[in-house]
Amino acid sequence: MPVDLEKILRPVDNPMPPFPAKHMKVASGEEMVIRQVTRDEIPSILPHVAPLVWVERDFYDVVAARVYAELLAFYAHRMQDEYVLVAQIDGELCAVVNGRMVNKDVGMSLHTLAMRRGLRIGAHAFAAKMEYHMDILGQKEVLIVAESPIGFRRWMIEYNLEKRFDIAHELGGVPSWALTKELFDRARDTLVVGRRPVPDELLAKAAAAILPPSDPPTPPEDLLAATRARYDPTGTALVLQRWKQEGKV
Amino acid sequence: MTVRDVYVIGVGITSFTRLEYPLSEIAAYPAMMAMKDAGTRDIDHLYVANMGGGRVNHQTGLASAVVDTLSLTPAGAETIENGPASGGSAVKTGYMAVASGLHDTVMVTGAERMREVNNLEATDFVATLTHPLAEHIYGVTLPSLAAMFTRLYMEKYGVTERHLAMVAVKNQNAALRNEFAHLQQEISIDGILDSPEAMTNNPYVAELLRFFDCCPVSDGGACVILASEEVAGKVDRPLVRLAGVGQASDTHAVHEREDPTDLLAVRRAAAMAFERAGLTPADVDVAELHDAFTILEIVESEECGFFPKGEGHLALERGETALGGKLPINVSGGLKGRGHPVGATGVAQAYEIVHQLRGEAGERQVDGARVGFTCNFGGFGNNVVCLVFKREN
């Protein structure tokens, strides 16, 4: 009898209830939709994540590399109980967040990758995935870590997360923090926003196409400039780089 | 005593953002731009404005590093620290050096690298300028002082949170027209005040001040080169004269003031600058005010004499302080939109005004600007420097 190896390699089929899309107004006054994407939509997200692997600031490189791998694993059926949410403004991809169920009571927050900055888009997307774990999946707590100081401020401090340092998080094995149902309920009024249902037209526009970010974080022109500057007391390398970026030479 | 006229012959600036260069290079880069702008490297003396190099960047004696980085030795060089008014103080000191005849050409460059530390440390660093025994020891920070001030001002003069949001939107969106500005995201009243999500988008930092009422923590540098009339006459640039300087102080602790809603140092410094320039507030075409918190733009616009006390917010409502209005204020984005690398801010304000008076400000140009004004607000109004600039040809 032939062995279906692919079936063995794939995660156990465990349907998860869908995240009901929501919308909100961000600080710019634009309407943002947060919705769950299907496996089929992953190929249209990957090209917008890939360039961020080369952005050597605020840990975009580490986060983007991991998100890329997680999205790919989701697409290729190599991750158990993963879900992916996206935030879009006029179809434009503004943030990707993902996570997974460890078991029926515990969730594992994976990543929050904001592609437009300064409007609290990442924070809104993170709140949406916590809402998914707590309100839709009915879990008791979510294990969280932060790769960047910005994430630490946004999650550990703003939500006042509890320590679960005895549990190694799936992201690098570092000590976990936890958002409990009680903490989430406390944060609900101030940090978790959004309206449902999403007007049909808004949702249709978001679902029609995942458009590229209009102003994504970009890598420095010369990744080694800072290093070179140590041996270049006049700072010429840096000044030239800056002038290039500003189109002055 | 004879005072010589002083002109601005060159200007330069860096992007205000997070800059991963050493502090001395943040100071040197705009200086190189300014020397290129002026077409000269003949500098007699260098003043470097900086507030936190020793504390935040582990670098003291910054001027010595900068003068060498620029290969301007053996020119004299010194660092000037006067809190967030360091930039204005350095420009004023440069003015004195040229006006007195001590030097013919001086460079004033301001620089700060605050984002080397996290926001909590940066906030604490700035809070060190408060009274150590009457304020800082109790956990006072600049946002908390500004919030208490805001509450008093609202009660007394009828300013509302909507007025603060109007300043935030005006200045942050103005920054979109400034390629060097820190904040490059458009915001709207709907998004930060009116929508159901506004309280989350724009939470209170220190009630009644919200997130978008506060300037960002920035790195950046700016430079102006000041020169005598004789030197300026040889430079092929529009002639902008630093026509008046004024500086005044007030009690260190805010609560010791008879009426904390009166920013007397601003009033006095502005009056002094106008008197020295032989001009009045009515002559000003464009102003850069120190809007580290949105309330400050409203109050300074009154204390500097542009609007009657308690009516700055009404002028704002009428659109008089927007680009195209009667007196455009902070068309660069101000501290709120351009950013606030504390030691560089006063110099950056001068940079903007010189650009405006030269007619080189592009999309944010104030038509026909001939007289410009800056207010650099140190401490919480306890050390203020005001400057008046005039286009001469």
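Start by selecting B:Leu70: it counts as buried because it has 24 C-beta neighbours inside 10 Å (buried means 20 or more other C-beta atoms within 10 Å of its own, exposed 12 or fewer, partly exposed in between, with C-beta atoms placed from the backbone). Before going on, note that this is a predicted model, where local features need pLDDT of at least 70, side-chain atom pairs count only at pLDDT 80 or more, and totals for chains, interfaces and linings use all residues. Residues are numbered from 1 along each chain as its sequence is written, while chains are lettered from A and ligands numbered from 1 in the order in which they are written.

B:Leu70 sits in the loop between H3 and strand E3 (76-80) of chain B; helices (H or I, at least four residues) and strands (E, at least two) are DSSP runs, numbered from the N terminus. B:Ala31 is 39 residues from B:Leu70 in sequence, yet their C-alpha atoms are 8.0 Å apart.

Next, show helix H1 (residues 23-38) and helix H3 (residues 62-69) of chain B. Their axes come within 9 Å and cross at roughly 55° (axes are lines fitted to C-alpha atoms, for helices over the stretch in contact, and angles run from 0 to 180 degrees between N-to-C directions). That makes H1(B) oblique to H3(B); angles under 35 degrees count as roughly parallel, over 145 as roughly antiparallel, 65 to 115 as roughly perpendicular and the rest as oblique. To see the contact, pick B:Leu23, B:Ser24, B:Glu25, B:Ala27 and B:Ala28 on H1(B), then B:Leu62, B:Ala65, B:Val66 and B:Thr69 on H3(B).

Keep H1(B) on screen and bring in chain A. The contact between the chains takes 24 residues from chain B and 21 residues from chain A. On the chain B side, H1(B) gives the largest share, four residues.

Last stop: the open sheet of eight strands in chain A, ordered E1-E2-E3-E4-E5-E6-E8-E7 with mixed pairing (strands pair if DSSP finds at least two bridges between them). Strands E1 (22-25) and E7 (162-168) of chain A are at the edges with a single partner strand each, so one side of each has no neighbour in the sheet. Zoom in on E1(A): four bridges join it to strand E2 (residues 31-36) of chain A, and the two run antiparallel. Here A:Lys25 stands opposite A:Glu31 in E2(A).

Key: Contact = placed C-beta atoms within 7 Å.
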